[in-house]
Amino acid sequence: LSLMTTVIVGDGEADLRERAARVAQAQGGDPAQLLSDPPESWVVGTIDTAAEQLQALREAGVSRVICQHLAHADTEFVALLGERLAPLVAR
């Protein structure tokens with residue numbers, strides 16, 4: 001089972017707030033709400049929290065997650081996913 005979902009991940013709380021603000025600016029919406037009440041299927045949090053969410057998806061039967069990135073100008077986000085998050089959840 002594969003899942004495509006929006007991912008907002010930060011390297012700490014301050015970075016997470018900044019990235020949520022970028023997504024809110026790009027897509028419309030309130031960054032505080034993205035953090036406090038994100039859509040149920042989104043992966044939102046710090047690196048460790050996101051890893052826990054992805055592990056829970058794995059336990060539910062998801063074998064592949066396609067991370068949708070909505071703040072297209074934030075290219076550092078892609079490096080964060082690959083360098084920090086992926087090693088925590090790779091098999």
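Good morning. What you see is a predicted model. Let's start with the whole protein. Its secondary structure comes to four helices and three strands. Reading from the N terminus, the order is β-α-α-β-α-β-α.

Now the overall dimensions. The C-alpha atoms fill a box of roughly 35 × 25 × 20 Å along the principal axes. A compact globule with 91 residues would have a radius of gyration near 12 Å, and the protein has 12 Å, so the two agree. Buried residues make up 35% of the 91. The accessible surface comes to about 5500 Å², and 50% of that belongs to carbon and sulfur atoms. On contacts: take those between residues at least 6 apart in sequence, and 72% of them join residues at least 24 apart.

On to helix H3. H3 covers residues 47-59, which makes 13 residues. From first C-alpha to last, H3 reaches 18 Å, close to the 18 Å expected at 1.5 Å a residue.

Which residues of H3 are buried? They are Ile47, Ala50, Ala51 and Leu54. Down the axis of H3, these buried residues fall within an arc of 100°, so they line one face of the helix.

Last stop: after H3 comes Gly61, with a positive phi near 110°. Thank you.

Note on methods. Residues numbered from 1 in each chain as written. Predicted model: local features only at pLDDT ≥ 70, side-chain atom pairs only at ≥ 80, totals over all residues. Heavy atoms only, no water. Helix = DSSP H or I, 4+ residues; strand = E, 2+ residues; numbered from the N terminus. Expected span 1.5 Å × (residues − 1). Buried < 20%, exposed > 50% of the residue type's maximum accessible area, 1.4 Å probe, protein only. Arc of directions from axis to C-beta. Rg over C-alpha atoms; globule rule 2.2 N^0.38 Å. Contact = heavy atoms within 4.5 Å. Areas by Shrake-Rupley, 256 points an atom, 1.4 Å probe, with all protein chains shown as cover.
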